[in-house]
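Trainee: I have a structure to go through with you. Could we take it question by question?

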Amino acid sequence: MYMHKVAAVFKPGEDHLSLVDELRNQQIVIQHQHDTMREMLLDTREMVVDSTVKGRTLMMMFLDSVDLFEQLLTLQQNSEKIQANFAETEILLQIIFAIETFSSRLADIALAIQFNESLNGSDDIENIVNNLPLTFATERKKKLSRSNVEAFISLRQIVYSLQDVGERI
C-alpha cells in the first residue's frame, strides 16, 4: 500500500498535498514497526545470539527492509518538480510502473516467506532495471536544457534508486 502511494506521487493530476500527508502518516507507522522489530531482534538478543540460518536470514530480511524503506523515502523528494518537468512522458510512466511492479513483487515475496515457499526470479524486474536508464537517456537527449538541469539530476537519482531497489528484489 505504501509503495502504491509513492507511485501515485508521480501520477499527473493527483492531489500531491494529501498524498504527501498520507505518506507521512504511513511512514510513521512503518518506522514504529521497524522500531518494534529492531527491539525484538536486538534488545532481546535471542535471534542475534542464536546464530542459526533462520536467525541470520531474519536479521538480513529486517536490514534489507530498513534499507528499502530508506530508499523509498528518497524517491518522493522533488516529485512535484519531476511532475512539472516530465508529466505525460515515457520516463514518468516507467517510474510509476516500476514502483507498482516492485510493490507487487514484494507482496509475493512476503507471502512466499509466510508460507515457507521459494519464489522464482522475475524477468519483469530485470527488464525494468535495464530499461529505466535507457529511457532516462532518451528523455535527457530530447529535453535537457539549462532550465531543467536540476530536475534531470533529481530524475537521475530516482532512476538510480529504482535500479538499486530492483536489483535487491
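Trainee: Is Leu119 buried, exposed or partly exposed?

Mentor: Keep in mind that this is a predicted model. Leu119 has a relative accessibility of 38%. Buried needs under 20% and exposed needs over 50%. Leu119 falls in between, so its class is partly exposed.

Trainee: Which residues does Leu119 contact, leaving aside its neighbours within four places in sequence?

Mentor: Start with the location: Leu119 is in the loop between helix 6 and helix 7. Arg38 is 81 residues away along the chain, and its C-alpha is 26 Å from that of Leu119. The contacts of Leu119, beyond four places in sequence, are Arg105, Asp108, Ile109 and Ala112.

Trainee: Which residue just after helix 6 takes a positive phi?

Mentor: Look in the loop between helix 6 and helix 7, where Asn116 sits. The phi there is about 55°, although the residue is not a glycine. The residue just after helix 6 with this positive phi is Asn116.

Trainee: Is Asn116 buried or exposed?

Mentor: The relative accessible area of Asn116 is 73%. The cut-off for exposed is over 50%. Asn116 is therefore exposed.

Trainee: How many helices and strands does the chain have?

Mentor: Read the elements from the N terminus: α-α-α-α-α-α-α-α. The C-alpha atoms fill a box of roughly 55 × 35 × 25 Å along the principal axes. The count is 8 helices and 0 strands.

Trainee: How far does helix 6 reach from its first C-alpha to its last?

Mentor: Helix 6 covers residues 90-114. It has 25 residues, and at 1.5 Å a residue the expected span is 36 Å. The model comes close to that, with a reach of 36 Å.

Trainee: Which helices do the buried residues of helix 6 pack against?

Mentor: The buried residues of helix 6 include Ile91, Leu92, Ile95, Phe102 and Arg105. Gln94, Thr101 and Ser103 are also among them. Their packing partners are helix 1, helix 4, helix 5, helix 7 and helix 8.

Trainee: How many residues of helix 1 are buried?

Mentor: Tyr2, Met3, Lys5, Val6, Ala7, Ala8 and Val9 are buried there. Helix 1 is mostly covered. The number buried is 7 of its 8 residues.

Trainee: Which residues does Lys5 contact, leaving aside its neighbours within four places in sequence?

Mentor: Lys5 is in helix 1. Lys5 and Glu22 are 17 residues apart in sequence, yet their C-alpha atoms are 7.9 Å apart. Beyond four places in sequence, Lys5 contacts Leu19, Glu22, Leu23 and Gln26.

Trainee: Is Gln26 buried or exposed?

Mentor: Gln26 lies in helix 2, residues 16-43. Residues up to four places away aside, it touches Met1, Tyr2 and Lys5. Its relative accessibility is 18%, and the cut-off for buried is under 20%, so Gln26 is buried.

Trainee: How many aromatic pairs are there, and what is the geometry of Phe86 and Phe152?

Mentor: The count comes to 3 aromatic pairs. Phe86 and Phe152 lie 4.9 Å centre to centre, with 85° between the planes. Over 60 degrees is the cut-off, so this pair is edge-to-face.

Trainee: How many residues apart are Phe86 and Phe152?

Mentor: Phe86 is in helix 5 and Phe152 in helix 8, distant parts of the chain. Both are buried. Phe86, Phe136 and Phe152 form one aromatic cluster. The separation of Phe86 and Phe152 is 66 residues.

Trainee: Which helix gives the most to the lining of the largest pocket?

Mentor: The largest pocket has a volume of about 1,100 Å³. Of its 27 lining residues, the closest to its centre are Met61, Ser65, Leu68, Leu106 and Ala110. Helix 1, helix 2, helix 4 and helix 6 each supply at least two lining residues. The most, 9 residues, come from helix 4.

Trainee: How many nonpolar residues does that lining have?

Mentor: Sort the lining of the largest pocket by class. There are 2 charged and 6 polar residues. The nonpolar residues number 19.

How values were computed. Residues numbered from 1 in each chain as written. Predicted model: local features only at pLDDT ≥ 70, side-chain atom pairs only at ≥ 80, totals over all residues. Heavy atoms only, no water. Helix = DSSP H or I, 4+ residues; strand = E, 2+ residues; numbered from the N terminus. Buried < 20%, exposed > 50% of the residue type's maximum accessible area, 1.4 Å probe, protein only. Contact = heavy atoms within 4.5 Å. Phe/Tyr/Trp six-rings, centres within 6.5 Å; stacked < 30°, edge-to-face > 60°. 1 Å grid on protein atoms, 1.4 Å probe; cavity = no way out; pocket = protein on both sides within 12 Å on 5 of 7 lines; lining within 4 Å. Points joined across faces, edges and corners; volume = space filled by probe spheres on them. Nonpolar A, V, L, I, M, F, W, Y, C, P; charged D, E, K, R; others polar. Expected span 1.5 Å × (residues − 1).
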